[in-house]
Amino acid sequence: MCIARSFNLFIWAVSTSKIVICTGITMTRILIIEDEESIAELERDYLELSGFAVEIENDGEQGLQRALEEEYSLYILDLMLPGINGFELCRHIREKTNVPIIVVSAKKDDIDKIHGLGLGADDYITKPFSPSELVARVKAHLARYDRLVGSESAVPDQIINIRGLKIDIAARRVWLNEEEVTFTSKEFDMLKTLASHPNRVFSKEDLFRKVWGMEPIGSDISTIAVHIKKIREKIEYESSKPQYIETLWGVGYRFRM
Ligand code: CA
């Protein structure tokens, strides 16, 4: 049953949400956080048979640590866990990424609570469930997310429309909740660079090269933070809790899809 794990020795790279194995096949990584080992293994076996690379954590805290350190394409969370419960896990993972989260719970009441708390889970399954149904839902959410992100490819000369922020790349115009916002040329280029590659992390050096078209020298790089601050003042509801341009400390910035 352990198709994917049999390739583990040959994995080339595991830091991204997809791994490339020696055969050249790209596998989508899924993290299951579930303390009932038999359930976790059942989920894993069915998902592996469908070609996914699946990892399991049985403890909430360790699961959170792994979820924050690694990149996965989808998370399956149990709610009642030792350490940190699934509600908190869902909240923390959602702060980091918009990839699909499926919550598996033993109680219908928990699902009402998840809805009520607005934690951003994409789907809910109650135990007992059919593993085939779980696989079908996983595939549906991954396909939906891929369509949304557009394979993270650049989208030149298009209109980007995300959560009330509309960017007309060709016309170089931006609207927030249908009110036009004006940007300097460099601010627009920086916003365009980030928003055209949602979820991709740009270092300050990358942004400088893209926007100024040259290598940064000396204190050039400090202008990036100044521009990001000005852009946030124009598009973020709360600059200290940005919903569009996220800072990854020591790494750079990314536009959240
Ligand atoms: Ca549990």
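By relative accessible area, a residue is called buried under 20%, exposed over 50%, and partly exposed in between, with a 1.4 Å probe and protein chains only. Colleagues, the model before us is predicted, so local features need pLDDT of at least 70 and side-chain atom pairs count only at pLDDT 80 or more, while totals for chains, interfaces and linings use all residues. Residues are numbered from 1 along each chain as its sequence is written, and side-chain values use heavy atoms, with hydrogens and water left out.

Helices (H or I, at least four residues) and strands (E, at least two) are DSSP runs, numbered from the N terminus. D35 is partly exposed, at 31% relative accessible area, and M80 is likewise partly exposed, at 44%.

I turn now to helix 6 (residues 185-195) and helix 7 (residues 204-212). Which residues meet here? With contact meaning heavy atoms within 4.5 Å, K186, D189, M190, T193 and L194 in helix 6 meet L207, K210, V211 and W212 in helix 7. These divide into 5 nonpolar, 1 polar and 3 charged, where Ala, Val, Leu, Ile, Met, Phe, Trp, Tyr, Cys and Pro count as nonpolar, Asp, Glu, Lys and Arg as charged, and the others, Gly among them, as polar.
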